[in-house]
Amino acid sequence: MVAEGPPSRRLRAVAAAGGDTADALGADALSPLEHRPTVWAVAALAGVSKTTVSRVLTGSPRVSPHARIAVEKAIEKLNYVPNRAARALVTRRADTLALIVSEPETRLFSEPFFAGTVRGINQELAQTDYAFVLLSAEGDSSRIERYIMNGHADGVILMSLHRRGPLVRLLTQSRTPVVLTGRPFPGESVPYVDADNRAGATAAVHHLVERGRTRIATIAGPVDMPVGIDRLDGYRDALPPDSRRSWRRMVEHGDFSEDSGEIAMRALLDRVPDLDAVFAASDLMAIGAMRALRAAGRTVPDDVAVIGFDDSHAARLANPQLTSVRQPMEEIGRSLARLLLNEVRNPGRRSASLIVPTELIIRESS
């Protein structure tokens, strides 16, 4: 980083005379490395001190309306872009928000929920001055902890947490604003945005019961994640009373991936060969299940009805098209960004969590 120096006498004279600033400022007003206007150039053109410009840039109320208007006009005329690193030294803000995902990168870029939610977060933050960084916290989280504790992010969105990790406790103890994607584990008091997973799973299984299916299995999500538990609970809620007595033998678990859905479906067919329906806790697991059913000579939906969860693009491309529980992924992402911005801008004022409704989208597979 190159320190900004005061403008030359020639610059002061040109600015005072009101000449053509773009041509007359010359190299004295520009950064030696990037040839861009400096805060000194803005101050000279506005006829105020550098301190006044800094106060305008940081939103300080200690600026008169007349000076603020002059600085804003100078910034626009010069197309001035604040030096983010220098401003951070003054404001103690990084002007950056972080999304930390506790999954390997291969899953991060292949699963529909992650992609849709990230799009929503980015759409919301694009309307602000905050930069947005995406970090994978698979395995050892010490690198992530150092990044956050060194002040590189003003707030954090945590996604896809497994079990009770140290990050939530570390962030809350350090008073770093944090929000969760999905409800927290019991005993953790952190604002969150979540889909109504339990109700969505219940609607899916009710639909299968209404279609006359009696041997309904499920490929559930991981038991170390609240989302996996909620969708399993919703499945169990909707089973007819006579099916609840033996529901455990109708359950296999996956990790939301397509391969895990295929493996789980094979296990279910071995154990319950006369099953006639399966609710999978993600679209990718449902698609993997349909692949296993085809390999076993079963047709969908005639022999086995299949329902997924997400209503992703993959559900519409599946053959047959997949009935799925829709969760508005981009809306969830936008809500997460708004929630975190509120936490960052209003420290000490806890935001209300949000549960987004789901909807069953019926297609050919059920």
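Author: Let us begin with a definition: angles under 35 degrees count as roughly parallel, over 145 as roughly antiparallel, 65 to 115 as roughly perpendicular, and the rest as oblique. The angles run from 0 to 180 degrees between N-to-C directions, and the axes are lines fitted to C-alpha atoms, for helices over the stretch in contact. This is a predicted model, in which local features need pLDDT of at least 70 and side-chain atom pairs count only at pLDDT 80 or more, while totals for chains, interfaces and linings use all residues. Residues are numbered from 1 along each chain as its sequence is written, and side-chain values use heavy atoms, with hydrogens and water left out.

Reader: At what angle do α14 and α15 pack?

Author: Helix α14 (residues 258-271) and helix α15 (residues 283-295) pack at about 50°, and their axes are 6 Å apart. The two helices are therefore oblique to each other. Helices here are DSSP runs of H or I with at least four residues, strands are runs of E with at least two, and both are numbered from the N terminus.

Reader: Which residues meet there?

Author: Among them are Met-265, Arg-266 and Leu-269 in α14, and Leu-284, Ile-287 and Leu-293 in α15. Contact means heavy atoms within 4.5 Å.

Reader: Changing topic, in what order do the strands of the sheet come?

Author: The order is β2-β1-β3-β4-β5-β11, an open sheet of 6 strands with parallel pairing. Its edge strands, β2 (131-136) and β11 (354-356), each pair on one side only. Two strands pair if DSSP finds at least two bridges between them. For instance, β4 (residues 178-181) and β5 (residues 192-195) pair over 2 bridges, and Leu-180 stands opposite Tyr-192 in β5.

Reader: Which strands does α17 lie across?

Author: Helix α17 (residues 329-345) lies across β1 (96-101), β3 (155-159), β4, β5 and β11, and runs at about 165° to β4.

Reader: And α8, how many of its residues are buried?

Author: In α8, 10 of the 14 residues are buried, so the helix is mostly covered (buried means under 20% relative accessible area, exposed over 50%, partly exposed in between, with a 1.4 Å probe and protein chains only). The buried residues include Phe-113, Phe-114 and Ile-121.

Reader: Is Asp-230 buried or exposed?

Author: Asp-230 counts as buried because its relative accessibility is 11%. Asp-230 lies in helix α12 (residues 226-238). Leaving aside neighbours within four places in sequence, Asp-230 is in contact with Arg-183, Asp-194, Asn-197 and Arg-198.
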